[in-house]
Protein chains: 2
Amino acid sequence: MTVTKNNTEKVLNINNVNPLIKNVEYAVRGKLAIRAEEIRTDLEAGKGNYGFSKVVSCNIGNPQQLNQAPITFFRQVASLCDNPDLLKKENLPLVSQLYPSDSIARAQTLLHSIGSVGAYSHSQGVPHIRNTVAQFIQERDGHAADASHIFLTQGASSGVQTLLSMLTQNEKSGIMIPIPQYPLYSASLALYGATPVNYYLDEATGWSLDINQLTESVTSARKQGTDVRALVIINPGNPTGQCLTADNVRDIITFCHEQRLVLLADEVYQTNIYEPEARPFVSFKKALMDHPDAEVREGVELVSFHSISKGMVGECGRRGGYFECVNLDSLVLEQIYKMSSVSLCPNLHGQILVDLMCNPPRLGDASYESYSGEIKTIYESLVRRSKKLEGVFNEMEGVSCQAAQGSMYLFPQVTLSDKVAAAAAKESMAPDAFYSHAMLEATGVCVVPGSGFGQKANTWHFRSTFLPEEHLFDQFCSDLEKFHSSFLEKYRD
Amino acid sequence: MTVTKNNTEKVLNINNVNPLIKNVEYAVRGKLAIRAEEIRTDLEAGKGNYGFSKVVSCNIGNPQQLNQAPITFFRQVASLCDNPDLLKKENLPLVSQLYPSDSIARAQTLLHSIGSVGAYSHSQGVPHIRNTVAQFIQERDGHAADASHIFLTQGASSGVQTLLSMLTQNEKSGIMIPIPQYPLYSASLALYGATPVNYYLDEATGWSLDINQLTESVTSARKQGTDVRALVIINPGNPTGQCLTADNVRDIITFCHEQRLVLLADEVYQTNIYEPEARPFVSFKKALMDHPDAEVREGVELVSFHSISKGMVGECGRRGGYFECVNLDSLVLEQIYKMSSVSLCPNLHGQILVDLMCNPPRLGDASYESYSGEIKTIYESLVRRSKKLEGVFNEMEGVSCQAAQGSMYLFPQVTLSDKVAAAAAKESMAPDAFYSHAMLEATGVCVVPGSGFGQKANTWHFRSTFLPEEHLFDQFCSDLEKFHSSFLEKYRD
């Protein structure tokens with residue numbers, strides 16, 4: 001083979017990059033988010049002529065970017081681990097005026113087991129921290145967890161990607177994902193060349209999940225020759241916010257047993273539960289261990305993902321999380337360990353936060369009151385804001401919005417006119433992308449069009465967080481209302 | 001398709017996992033390292049009967065695990081960013097007794113640009129920190145760098161993987177890698193299904209790199225139908241420790257131009273330079289910008305990787321780094337950005353350390369003296385330890401070891417007898433793996449067998465860091481000497 005290419009062409013160009021990468025789409029940080037960044041840069045430089053003074057990023061669950069305060073105890077411990085000089089005897093008199101005793105004690109315990117936050121740890125995560133996670137799971141579910149089957153990760157995303165990659169034997173390997181779904185799933189399946197097998201959530205019944213829908217979906221995919229091998233459940237839902245009932249969770253496990261599917265449970269919103277009486281969170285691990293059929297309990301292969309980025313913790317920027325494997329083949333666990341070791345280890349600051357999230361201050365500890373007060377404040381505010389924004393959406397002409405039982409998002413459906421469809425087509429956009437772009441340019445609010453998550457044909461949605469600060473929330477809602485009615489006027493058929 | 005599999009078999013098992021993952025090998029944390037972990041756990045629990053009291057991990061460049069102290073200024077700034085309460089007006093009187101003024105000022109600057117270390121940043125990295133990196137490159141090379149072509153990463157590894165993945169169009173896509181090489185490269189190529197195209201470094205001339213060797217390698221691979229599209233250079237070398245001359249660096253760039261290859265420059269050991277007069281570090285970016293031929297300067301596509309894990313910084317556990325792209329196609333840059341956005345962002349603690357590494361205290365700053373003193377202490381100790389261990393290896397019977405001009409490793413060649421080969425074969429091991437296992441069991445020292453990096457047929461090596469603490473170094477060396485001579489006695493032909 002000789003080198004005959006035109007030398008003015010780049011060696012690596014868009015026509016010869018990895019075609020799987022070209023297929024990847026990730027709307028949460030897609031075109032609209034890039035445009036939002038441009039506007040933000042303009043505004044900071046005092047450039048451009050916008051009808052608003054700042055960009056409000058509702059495209060991503062990033063609470064601290066919108067000034068949600070971090071949990072004080074967590075940051076105290078983390079800072080002591082970062083600067084162990086503060087723990088030296090000669091500094092403690094001063095330091096104990098700045099730090100409560102339990103944060104000092106926790107940092108000492110962590111550093112004793114970690115050594116230094118600047119050292120690579122065990123590739124699976126610090127053993128002490130994996131024990132903390134196992135204890136947390138046991139307290140949550142009433143069933144033991146095995147620390148050697150827990151892997152700490154850089155956020156839930158990297159763990160999800162490891163498992164999806166592991167499950168991809170070839171292009172016929174099929175993974176069931178909900179529609180609408182969080183686009184990490186479709187993006188990763190595109191990247192690994194696996195086949196997404198869609199199942200639909202039912203909007204009319206609060207985005208509920210119907211086992212018959214799952215059965216139809218797997219049956220039809222298998223008929224077409226797809227080797228369906230896993231089911232992804234996002235509970236509480238993203239972007240949909242539903243929280244599954246205990247019966248539903250049990251039935252999904254039975255379904256996985258009957259259909260021989262690995263169950264991937266994305267449970268990162270497990271503490272974002274806004275109707276705790278009617279719809280409490282039931283983990284798949286607990287439901288599996290409580291399943292009446294021993295063959296199911298000992299058979300169904302389950303991987304459950306959790307994260308420090310969500311809940312009331314909101315430490316997205318640290319990139320921390322874990323997954324727990326149940327009933328997985330030991331040789332598969334070895335492969336997962338090997339892949340973790342190629343990345344050396346998850347970052348230690350993320351690992352530390354996993355320890356703190358899973359083992360927060362307890363009643364009687366010096367920081368207990370401040371900790372529980374902070375959690376309560378954030379939680380109650382999330383409830384208020386979710387209800388308020390849901391109400392605002394449902395008041396809008398042509399908009400209907402299911403309640404958020406959990407997670408950080410609302411996913412309203414918007415009826416868009418033929419005129420909108422025509423105008424969007426001119427710009428080579430889906431109508432909901434066109435709507436969302438118009439919203440950004442008019443208000444500075446950045447959401448994600450429903451087409452980024454998948455939706456039933458000819459329905460249009462967008463996903464918005466309800467994370468803008470409470471004292472700005474009325475303004476935020478009224479900006480959206482004004483935009484929506486003027487948009488409707490402009491494009492009325 | 002009906003479900004006919006045996007229900008006692010796991011859905012996901014070793015016979016149906018992703019076959020590319022099964023092919024991945026990563027010796028740095030392979031079997032030997034797993035055995036070392038077992039022994040460490042035994043020793044901590046007071047179990048087992050070993051002839052030593054602790055495991056010494058020389059298998060991985062992890063200085064802080066072996067008690068190298070972190071740079072004080074770096075940790076001070078990081079801890080203030082973690083706990084911004086310390087920067088509140090009412091706390092500053094106390095805090096300024098614990099922190100020098102420049103660490104407080106730097107934390108304020110960083111937090112002003114970041115917001116919170118708990119928030120996702122721009123997927124490419126915080127713009128302010130990318131500007132710091134661009135400034136650092138300009139100071140290093142005397143040529144400007146474009147912050148919009150710099151990507152912050154979770155350690156160099158994740159950046160390398162992004163680029164190797166991008167370069168893999170199909171299984172014919174070939175990437176040139178050195179032999180011996182750092183196994184991240186072979187592992188990643190196996191994972192993406194690309195073809196490794198080996199070129200050999202010449203041990204006899206200090207692991208030098210001969211352009212004729214490169215030409216032969218690319219020509220032969222192309223004759224066999226491989227679409228060779230990139231060249232990986234590790235400089236300073238890992239595991240080999242060589243540092244390329246300025247002429248060599250320039251010639252490699254010319255070669256890439258002539259052969260139409262993207263140049264991936266792994267320059268993570270750029271400050272680990274132990275013969276600074278004879279062999280200073282010359283970055284590929286500088287050599288490219290200084291190249292006499294304008295067509296080369298404006299044509300050769302270069303990606304250079306750097307990390308906070310190495311040098312005198314050694315902050316491995318934070319997972320931070322960056323890569324700079326030069327002359328890359330803008331549509332390819334968009335694809336890289338998209339893939340970064342799927343992972344949301346590199347962790348903020350790694351990003352902060354990149355800022356600090358690239359912009360350390362300057363002459364006149366409050367922390368300058370302590371900073372430069374700490375760097376000097378670590379550096380001089382690394383030089384002493386590298387020379388000492390090199391001497392020890394060269395004194396051993398049947399061992400020859402090239403000097404470390406750079407990096408953190410020595411890669412001695414060991415002559416092993418036929419009896420060793422026979423004993424190793426019985427255990428299904430390569431002779432150097434057998435030797436390294438015996439070393440671990442006898443001394444607690446964990447190294448990596450040469451077979452994990454690749455080596456010329458019928459030569460045997462191992463890679464060892466020279467990172468054990470200086471006050472333990474004599475004992476470490478004498479343990480190795482004793483083991484080596486008794487091993488040789490036992491297996492003398």
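A residue counts as buried when its relative accessible area is under 20%. In this predicted model, Arg318(B) is buried because its relative accessible area is 0%. Glu315(B), at 0% relative accessibility, likewise counts as buried.

**Salt bridges**

Side chains of opposite charge can pair when their charged atoms come close. Over all chains, the count of salt bridges comes to 42.

| Pair | Distance, N to O |
|---|---|
| Arg35(B) and Glu441(B) | 2.7 Å |
| Arg318(B) and Glu315(B) | 3.5 Å |
| Asp474(B) and Lys388(B) | 2.4 Å |

The salt bridge between Asp474(B) and Lys388(B) links distant parts of the chain: Asp474(B) lies in helix α18 (residues 470-490) of chain B and Lys388(B) in helix α15 (residues 368-395) of chain B, 86 residues apart. Lys388(B) is partly exposed, with a relative accessible area of 38%. Salt bridges with shared partners also join Arg75(A), Glu315(A), Arg318(A) and Asp82(B) into one network.

Arg35(B) and Glu441(B) meet in a salt bridge through their side chains. This pair, too, links distant parts of the chain, with Arg35(B) in helix α2 (residues 31-44) of chain B and Glu441(B) in helix α17 (residues 431-443) of chain B, 406 residues apart. Arg35(B) is partly exposed at a relative accessible area of 22%, and Glu441(B) is partly exposed at 35%.

In soluble globular proteins, nonpolar side chains tend to be buried together. The largest nonpolar core here has 284 residues, and those with the most contacts inside it are Met176(A), Leu231(A), Phe284(A), Ile336(A) and Ile336(B). Apart from this core lies another, of 32 residues, including Leu201(B) and Ile253(B). Beyond residues up to four places away in sequence, Met176(A) touches several others, among them Val197(A), Leu214(A), Leu231(A) and Phe255(A).

**Two copies**

Chain B can be laid on chain A by a turn of 180 degrees and a shift of 0.0 Å along the axis, with an RMSD of 0.0 Å. The two copies are therefore related as by a two-fold rotation axis. Within chain B, the C-alpha atom of Ser79(B) comes closest to that axis, at 2.1 Å. Because 100% of the interface residues of chain B are also interface residues in chain A, the copies meet through the same surface.

**Confidence and annotation**

The predictor gives the complex an ipTM of 0.94 and a pTM of 0.95. The mean pLDDT of chain A is 95, and 98% of its residues reach 70 or more. Over residues 1-7 of chain A, however, the pLDDT is below 50. Where pLDDT is low, the predicted coordinates should not be read in detail.

An unreviewed UniProt entry places the feature "domain: Aminotransferase class I/classII large" at residues 96-469 of chain A. Over these residues the chain is 45% helix and 15% strand.

How values were computed:
Residues are numbered from 1 along each chain as its sequence is written. Chains are lettered from A and ligands numbered from 1 in the order in which they are written. This is a predicted model: local features need pLDDT of at least 70, side-chain atom pairs count only at pLDDT 80 or more; totals for chains, interfaces and linings use all residues. Side-chain values use heavy atoms; hydrogens and water are left out. A nonpolar core is a set of buried Ala, Val, Leu, Ile, Met, Phe, Trp, Tyr and Cys residues joined through side-chain atoms within 4.5 Å. Buried means under 20% relative accessible area, exposed over 50%, partly exposed in between (1.4 Å probe, protein chains only). Contact means heavy atoms within 4.5 Å. Copies are superposed by least squares on the C-alpha atoms of residues with pLDDT of at least 70 in both. pLDDT is the predictor's confidence in each residue, from 0 to 100. UniProt positions are given in the numbering used here, feature names are shortened, and annotations may be inferred rather than shown by experiment. Helices (H or I, at least four residues) and strands (E, at least two) are DSSP runs, numbered from the N terminus. A salt bridge is a side-chain nitrogen of Lys or Arg within 4 Å of a carboxyl oxygen of Asp or Glu.
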